[in-house]
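Below is a short report on one protein chain, written for reading beside its sequence and model. Please look at the structure before going on.

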Amino acid sequence: QVLLVESGGGLVQAGGSLRLSCGASERPSKNYAMGWFRQAPGKEREFVAAINYNGASTYYADSVKGRFTISRDNAKNTVYLQMNSLKPEDTADYYCAGYPRGDLSDSQSYRYWGQGTQVTVSS
């Protein structure tokens with residue numbers, strides 16, 4: 001069982017930046033794709049970004065394209081989400097997920113999940 005732990009959340013003003021990190025408890029025998037999802041109060045969990053096993057391909061939700069950047073450092077078993085130009089509507093709990101089988105934008109595809117980190121963007 002791989003444990004994922006997110007960090008880096010917090011309170012930031014609109015227009016500001018945060019970098020989220022997602023560390024894995026162990027190095028998998030084969031690196032796999034990773035994703036970030038978020039869930040705002042009263043809303044369903046939604047896809048934010050995903051990255052393939054070696055970082056060569058990235059995918060973004062339209063709502064964050066051009067503002068967020070996903071990256072990974074496999075040597076450190078860590079995936080990052082750089083969030084710039086934050087908006088109040090980005091306020092949510094952010095979750096990293098790993099080992100998807102299927103659509104990278106579908107939360108049902110992922111086997112491993114972190115506990116989440118809270119991001120609050122004030123106006």
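**Basis**

This is a predicted model, in which local features need pLDDT of at least 70 and side-chain atom pairs count only at pLDDT 80 or more, while totals for chains, interfaces and linings use all residues. Residues are numbered from 1 along each chain as its sequence is written, and side-chain values use heavy atoms, with hydrogens and water left out.

**Overall fold**

The protein chain contains 11 strands and 0 helices. Both kinds of element are DSSP runs numbered from the N terminus, with at least four residues of H or I for a helix and at least two of E for a strand. Read from the N terminus, the order of elements is β-β-β-β-β-β-β-β-β-β-β.

The C-alpha trace spans about 45 × 25 × 25 Å along its principal axes.

Of the 123 residues, 44% count as buried. Buried stands for under 20% relative accessible area, exposed for over 50%, and partly exposed for what lies in between (1.4 Å probe, protein chains only). Among contacts with a separation of 6 or more, 55% are made by residues 24 or more positions apart; a contact has heavy atoms within 4.5 Å.

**Strand 9 and its partners**

Strand 9 covers residues 92-100, and 7 of its 9 residues are buried. Two strands pair if DSSP finds at least two bridges between them. Strand 4 and strand 9 run antiparallel and are joined by 6 bridges; Q39 has D93 as its bridge partner in strand 9. Strand 11 (residues 117-122) is also antiparallel to strand 9, with 3 bridges, and here Y94 stands opposite T117. Strand 10 pairs with strand 9 in the antiparallel sense over 3 bridges. In that pairing P100 has Y110 of strand 10 as its bridge partner.

**Aromatic residues**

The whole structure holds 7 aromatic pairs. The rings of Phe, Tyr and Trp (its six-membered ring) pair if their centres lie within 6.5 Å; planes under 30 degrees apart are stacked, over 60 edge-to-face, and the rest tilted.

| Pair | Distance between centres | Angle between planes | Class |
|---|---|---|---|
| Y32 and Y112 | 6.2 Å | 40° | tilted |
| Y99 and Y112 | 6.1 Å | 40° | tilted |

Because Y99 lies in strand 9 and Y112 in strand 10, their pair ties together parts that are 13 residues apart in sequence. Y112 has a relative accessible area of 8% and is buried, whereas Y99, at 26%, is partly exposed.

One aromatic cluster is formed by F37, F47, Y110 and W113. W113 also has the charged end of R45 over its ring, 4.8 Å from the centre. R45 lies over the face of Y95 as well, at 3.9 Å from the ring centre. A charge sits over a ring if NZ of Lys or CZ of Arg is within 6 Å of the ring centre and within 35 degrees of the ring normal.

**G23 and T78**

What is the place of G23, and what is it in contact with? G23 is in strand 3 (residues 18-24). Leaving aside neighbours within four places in sequence, its contacts are L3, L4, V5, N77 and T78. The C-alpha atoms of G23 and L4 are 5.6 Å apart, although the two residues are 19 apart in sequence. G23 counts as partly exposed because its relative accessibility is 23%.

T78 is in strand 8 (residues 78-83) and, at 13% relative accessibility, counts as buried. With neighbours within four places again left aside, T78 is in contact with S21, C22, G23, R72 and D73. The side chain of T78 also reaches the backbone oxygen of K76 at 2.8 Å.

Methods:
A polar contact is a pair of N or O atoms within 3.5 Å; within protein, one must be able to donate a hydrogen and the other to accept it, and residues adjacent in sequence count only if both atoms are side-chain atoms.
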